[in-house]
Amino acid sequence: MSDKPTVTLGYWSIRGLAEPLRCLLHHCNVKFNDVTYACGDAPGFDLSDWFNVKHKLGLPFPNLPYLIDEATGLKMTQSDAILRHIGREHNLVGSTPLEKAEVDMLVDLAKDIAMGLTRVVYNPKFSELIGDLSTKTAPAWLQLLSDHLGSKEWFAGSLSIADFVLYERLDVLNHLIPGSVDAHANLKAFMTRFEALPRVAEFVASAEHKSLKFNNKMAVWQ
């Protein structure tokens, strides 16, 4: 029997929307091919590395990130759909209808935060927008997350896919606005707890993880 991975995750050579997926696959001990596509330098930001293969992979809705499993024939895109698929396969989406609803809500909240950050870090007016993000928007997000987490270990009670995407958003915020997450003791403790999960610890310590920037080359803050 071949040890060659049948699963392939494709994305830009950045953390972006795929890093929670990479981390989740590592946590679930799923061996996979981590295929990355390069973005060219300014001013052109050539994207042909991806566009040259975009319509040759048999994806029903070609986009990044994508997940392909040769063993099952699965070919899918959309980051949160991929996240939920992996979560269902490994029982990380909650066990009751209420828990599943909470996990879904938190995953969608994490996407809202990601979109809010994207609108700032990719904007040419970044230097004007970062002030409001630092003093108004981000503190509001963090307070809501801190209140929801409370004294729990994980955001939905037990470890779920929501923790993977929320960890990534918190890590972005703590780098973009140094100390912002650390101001909330329970959020800081959550990040420490998450990073201590055995396979997650290996992942965050890996050269592959450490070498990637959060955003692509056209972003003002990467």
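Colleague: Is Phe-190 buried or exposed?

Modeller: Buried means under 20% relative accessible area, exposed over 50% and partly exposed in between, with a 1.4 Å probe and protein chains only. Phe-190 has 0% relative accessibility and therefore counts as buried, and Phe-194, also at 0%, counts as buried too. This is a predicted model, in which local features need pLDDT of at least 70 and side-chain atom pairs count only at pLDDT 80 or more, while totals for chains, interfaces and linings use all residues. Residues are numbered from 1 along each chain as its sequence is written, and side-chain values use heavy atoms, with hydrogens and water left out.

Colleague: How many aromatic pairs does the structure hold, and what describes a pair?

Modeller: A pair of aromatic rings is described by the distance of the centres and the angle of the planes. Rings of Phe, Tyr and Trp (its six-membered ring) pair if their centres lie within 6.5 Å, and planes under 30 degrees apart count as stacked, over 60 as edge-to-face and the rest as tilted. The structure holds 9 such pairs. For Trp-50 and Tyr-66 the centres are 6.0 Å apart and the planes at 25°, so this pair is stacked. Both Trp-50 and Tyr-66 are buried. For Phe-190 and Phe-194 the centres are 6.1 Å apart and the planes at 35°, so that pair is tilted.

Colleague: Which residues form one aromatic cluster?

Modeller: Trp-154, Phe-155, Phe-164, Tyr-167, Phe-190 and Phe-194 form it together. A charge sits over a ring if NZ of Lys or CZ of Arg is within 6 Å of the ring centre and within 35 degrees of the ring normal; Arg-193 lies over the face of Trp-154, at 5.9 Å from the ring centre.
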